[in-house]
Amino acid sequence: MTFLDIRGVTKRYGVTTAVDDVTLSVPAGSRTAVVGPSGSGKTTLLRLIGGFEAPDSGQVTLNGDVLAEGATIVPAHRRSVGFVTQDGSLFPHLTVADNIGFGLDKRSPDRSQRILALMDMVELDPIMLNRRPHQLSGGQQQRVSLARALARQPKLMLLDEPFSALDTGLRENMRKAVAAVLKKAGITTILVTHDQAEALSFADQVAVMRQGKLVQAGPPRSLYLNPSDRTTASFLGDAILLPAQIGNGWIDCAFGRLKARTAERLGTAEIMLRPEQLKLVSVTESDAVAAPDGNAGYGKVVDIEFGGAVCTVTLAIMGDHGSCNGQRAAPVQIKCSAVNLPATGDHVRIEVLGEPHIFG
Amino acid sequence: MRRLPFLSVFGLAGLVALLSLLPLGFVIWVTIQTGWDTVVTLVFRARVGELLINTVLLEVWTIPLSIVLAVSLAWLTERTDLPGARLWAWLAVAPLAVPAFVHSYAWISMAPSLHGLFGGVLVSVLAYFPFLYLPVAAQMRRVDPAMEDVGASLGLGPWRVFFRVLLPQLRFAICGGSLLIGLHLLAEYGLFVMIRFDTFATAIVDQFQSTFNGPAANMLAGVLVLCCVGLLALEALIRGNERYARVGSGSARPITKYRLGWLALPCLLIPLATTALALGVPFVTLGRWLIAGGTSVWKLNEIGTAFGTTLLLAVAGALLATVAATPMAWLSVRAPGRMQRALEACHYYVGSLPGVVVALALVTITVRVVLPLYQTAATLLLAYGLLFLPRALVGLRASIAQAPVELERAAMALGRTPVQAVTRITMRLAAPGAAASVALVALGITNELTATLMLAPNGTRTLATEFWSLTSEIDYAAAAPYALMMVVLSLPLTLLLHAQSKRIIGR
C-alpha cells in the first residue's frame, strides 16, 4: 500500500532544475533511501517532502492527504513529519531534556516520563538529561536528535545524511541502531545519503537520483545487480563493464560464453559484472593459450595490489575472447581474497558466478 | 634566554596596564582624600538621586527599544525577501557615521521644543541602534537554518519558531550590543546637553566648568564609574557562561529567505521610517543650514585650521594608542595565560570608562602632580590613548594572530635575534591590520568631544569643539560645515565596520 506518493514533482532555482519531474511511491512502514552524488537534488527532494520548500509543480500526498499541489503546500509545522539533519541541529540553548521535549506540550503531566521513555528508546543514558548539546559526542547528539523527532510520533521520518558526520565505525552502529528503532516504532522512513553502501544496507527501496532526475528505484538487490545504466552501475559499487555479442540465451564476451537472459535481443550490447562474481583459478601457460573451456575466460596477471582482506588483481585478457569487433579488451580489475592470491605473471582461468547484466 | 623577550614585553604591557588603572585609581584616591563624611554628604543627596533616576530611565527605555528595532531590522534584512534588503542593511549601519551630538543638533533644529527623557530616548535610539543591529544581523546569518526547519517539523508555526528557536540564539549578540549602547549612554555628553536632559556626564562637566576640580565633580565621577561597573556586571550576569556556539560540523546550507508576500509593503515601513528619522533628519537639517548659510559659513581659514588640528591630534592619538596596545596584543596571541588575561582586562576596562571620568582624572593628576603637563597636547593624547586602547587592541590582536609563530622561529633559526624576528617578520605581516586599527582609532578621536573640551590646551580648535562652541552660541548655520566634515570623515569607519561584520562570518 502506497503511503507517501510523489507525483511529477519539479523544483527550480533560477535556471537550475534541482528536482526534475520526480515520481516515487513509498509503501507504509518501509525504509527508502534516496542516494545520489552531491548536487543531484536528493536533499531538495527531502525538503519538498518535509514542507520546507514548495514545489513548482507536481503533487505530494501522505496517507491520502494532499500535502503539496504545485506551489500550494501544507507548511512544515502542520505535517506530522520528523526530521533529523546531518549534524543533529540540536538547539544549543537547551538541555538534552528540553531538546527532546521541545515538540511536546509543556503542560502535559507525563512530559518527563515521555522524555525518559524516548531516551530509553534511543539508548541514551538518563545521566545526560541535563547536559548541553556541546557536551555530547556526535553519536549522542544524533540520538538526541532522533528522540526529539520521535517525540511527536510522526507518520513519516526524514533523515538528511544523519550519519555522514560520524566516524566510520560509529556510523555503522548508528545506522543499525536507527534502523532498529524506526522499525520497532513502525515509522515510514526516507533516508538521504551520498553513500551507496549505506543506502543499500539501510533500505527496502533505493532511489537513485542524478542531476535532479530519479534514475531508478527498486529493491537494493535488483538495483545492484540490474542497474539501468552504466553510471548507476558504477555509482552503486565497483563494476566491470564489457562489450558483448548477444546470442539466444547466452552472450559472448572476454570471459567466454555466458548464460544470460537475452530476451530475444541480438547483436552487440554492453554488459556488467560485479567483481565479486568472478573467481580466479590458476592454470599453466599452455592451458591458458589453448583455452580449452569455452565458457570461461583466460588471462595473465599483470599487477597485484595487496590490500589485506580485499586485493585487486589486474588481468590482461587472452585469446579470441579478448577481442570483440576487432577491439582488444582492456585489462580488467578483479577483487579477490588474499588467500590463494596468484602472483604477477601467473595465468588464470576466470569463472563467472551468476549471470551478467545486459544494459538496455 | 627564551624567557627574556617575554619578560620585557610583559613589563611594557604591565606599564600600559598601570596607566590604564590611573582613572580608577584616581577615583579611589579622591574618595579616600575627601573623607567619609564629605563623601556621604556629596553622594547621598537629592541631586545625585535625580541623576541616577534619569540615567536608569534613559537606559531602561533606550535599550529595549533599540533591541526591538535592531532585531526587527536585522530579521527583515537578513531573513526575508524584503525588497532592497541589501540597501536597507547599509542604511541601518549608516547612522553611525553621524556623531551622536550631531544627531541631537539635527533634531533640536527640526523640533526646538524637543527635550527631556522623551527627546533623549528618541535621539539615543536613532544614534545608537546600529551598535545592536551589527552583531544581531551577523549572528542571524550564522544561525544554522536547519534549526528553524527542525522547529517547524516539531510543530511550531513561524512566529513560535522565531521566539523559541531564533531569538534565544541571538542572546550573546543582544547582550554585547546592549552593553555597548548602555556604556555610550553613560558616557555621552553632547547629545544630552543639547536635548536638555541631565545625566552624570552633563552634571560632571557642569560642575567642572563652574568649580573646576571640586570634590563634587569627583564624587559624581565616582558614582558614574560605579554605574559602569554595575552595567558590566549586569551584562555578565545575563550573558552567563553558557556556550551557544553551533554544535556540529557546521556545513550549513544557505539561508532560505522567508517570503513576506503582501506583508512586504507594511514591513517596508520599518526600515523606511528608521532611515527617515536616523538619516533623513540629520541630512535634511544639515542641508537646510548649509543652504541657509550659503557661502558665508564656509570660513575656510578657520575650518582649515580646525581640520588640520583634528587630523594632527587624531593621527598622533591613534599612533600612541596603537603603539601602547602592541605589547599586549603580542602577548595575547603568543603568551596566553592568567597573567596575560589580567593585564588584558586592565586594557579593556579603561575603554568602558566615560571620557569625562578619564579627563577629570588626568586634570586632577596633572594639576596636583605634574603641573607642567596640565592643558598640554601630551595630556590630551594620553586621554585619547586610554579611551581608545581597546579599539586599537582588538584590531592589532587579530592582525598579529595572522602571523604564525613558526615564521618568527624560522627567522630566529636563521640567526635573527628575537626582537629582530618580531620587528622584521611579525610586525611586517601585521602592518596592514595595524594600519586599519590606527585608522579606526583616528576616526574615533575625530568625533570625540568631552575629553577634548576638558583637556585641550587653550586655543586648540578641533572640528568637534568648534562645532560645539558654535552650537552653544546657537549659530546653527555656521556649525553645519563642521558637522558635515565629521560625517564625511566617519563614513569610511562605517563602511569598515559593515565590511568587518560580514568578514567575521566568512562572506
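Two residues are taken to be in contact when their C-beta atoms, placed from the backbone, lie within 7 Å. Among contacts in chain B between residues at least 6 apart in sequence, 83% link residues at least 24 apart, and for chain A the corresponding share is 66%. The model is predicted, and for that reason local features are reported at pLDDT of at least 70 and side-chain atom pairs at pLDDT 80 or more, while totals for chains, interfaces and linings use all residues. Residues are numbered from 1 along each chain as its sequence is written, and chains are lettered from A and ligands numbered from 1 in the order in which they are written.

Chain B contains 25 helices and 0 strands, where helices (H or I, at least four residues) and strands (E, at least two) are DSSP runs numbered from the N terminus. Its radius of gyration, taken over C-alpha atoms, is 24 Å, close to the 23 Å that the globule rule (2.2 Å times the number of residues to the power 0.38) gives for 507 residues, so chain B is as compact as a globular protein of that length. The C-alpha trace of chain B spans about 70 × 70 × 55 Å along its principal axes. Buried residues account for 46% of the 507 residues in chain B; a residue is buried if 20 or more other C-beta atoms lie within 10 Å of its own, exposed if 12 or fewer, and partly exposed in between, with C-beta atoms placed from the backbone.

Chain A has 9 helices and 23 strands. Its C-alpha atoms fill a box of roughly 85 × 45 × 35 Å along the principal axes, and 41% of its 360 residues count as buried.

One part of chain A is an open sheet of 5 strands in the order β2-β1-β4-β5-β6, with antiparallel pairing; two strands pair if DSSP finds at least two bridges between them. The edges of this sheet are β2 (16–27) and β6 (72–73) of chain A, each of which pairs on one side only. Within the sheet, β1 (residues 2–13) of chain A pairs with β2(A) in the antiparallel sense over 8 bridges, and Y13(A) stands opposite T16(A) in β2(A). Helix α1 (residues 42–50) of chain A lies across β1, β2, β4 (57–62) and β5 (65–69) of chain A and runs at about 60 degrees to β2(A), where axes are lines fitted to C-alpha atoms, for helices over the stretch in contact, and angles run from 0 to 180 degrees between N-to-C directions.

Another open sheet of 5 strands in chain A has the order β14-β13-β12-β15-β23, again with antiparallel pairing. Its edge strands, β14 (256–259) and β23 (357–358) of chain A, each have a single partner strand, so one side of each is left without a neighbour in the sheet. Strand β12 (residues 240–246) of chain A has a covered face made of I240(A), L242(A), A244(A) and I246(A), and an uncovered one made of L241(A), P243(A) and Q245(A). On one side, 7 bridges join β12(A) to β15(A), the two running antiparallel, and the bridge partner of P243(A) in β15(A) is E270(A). Strand β12(A) also pairs in the antiparallel sense with β13 (residues 250–253) of chain A over 2 bridges, with I246(A) opposite I251(A) in β13(A). These two strands, β12(A) and β13(A), form a hairpin with 3 residues between them, and G249(A) in the turn has a positive phi of about 85 degrees. Further along, β15 (residues 267–273) of chain A pairs with β23(A) in the antiparallel sense over 2 bridges, where M272(A) has H357(A) as its bridge partner.

The contact between the chains takes 24 residues from chain A and 22 residues from chain B. On the side of chain A that touches chain B, β7 (81–84) and α4 (138–150) of chain A each supply at least two residues, and the largest share, 3 residues, comes from β7(A). The residues of that side divide into 10 nonpolar, 11 polar and 3 charged, where Ala, Val, Leu, Ile, Met, Phe, Trp, Tyr, Cys and Pro count as nonpolar, Asp, Glu, Lys and Arg as charged, and the others, Gly among them, as polar.

Q153(A), in the loop between α4 and β8 (156–160) of chain A, has a phi near 45 degrees, a positive value in a residue other than glycine, and Q153(A) is exposed, with 11 other C-beta atoms within 10 Å. In chain B, I474(B) sits in the loop between α24 (463–472) and α25 (476–504) and has a positive phi of about 55 degrees although it is not a glycine; I474(B) is exposed, with 11 other C-beta atoms within 10 Å.
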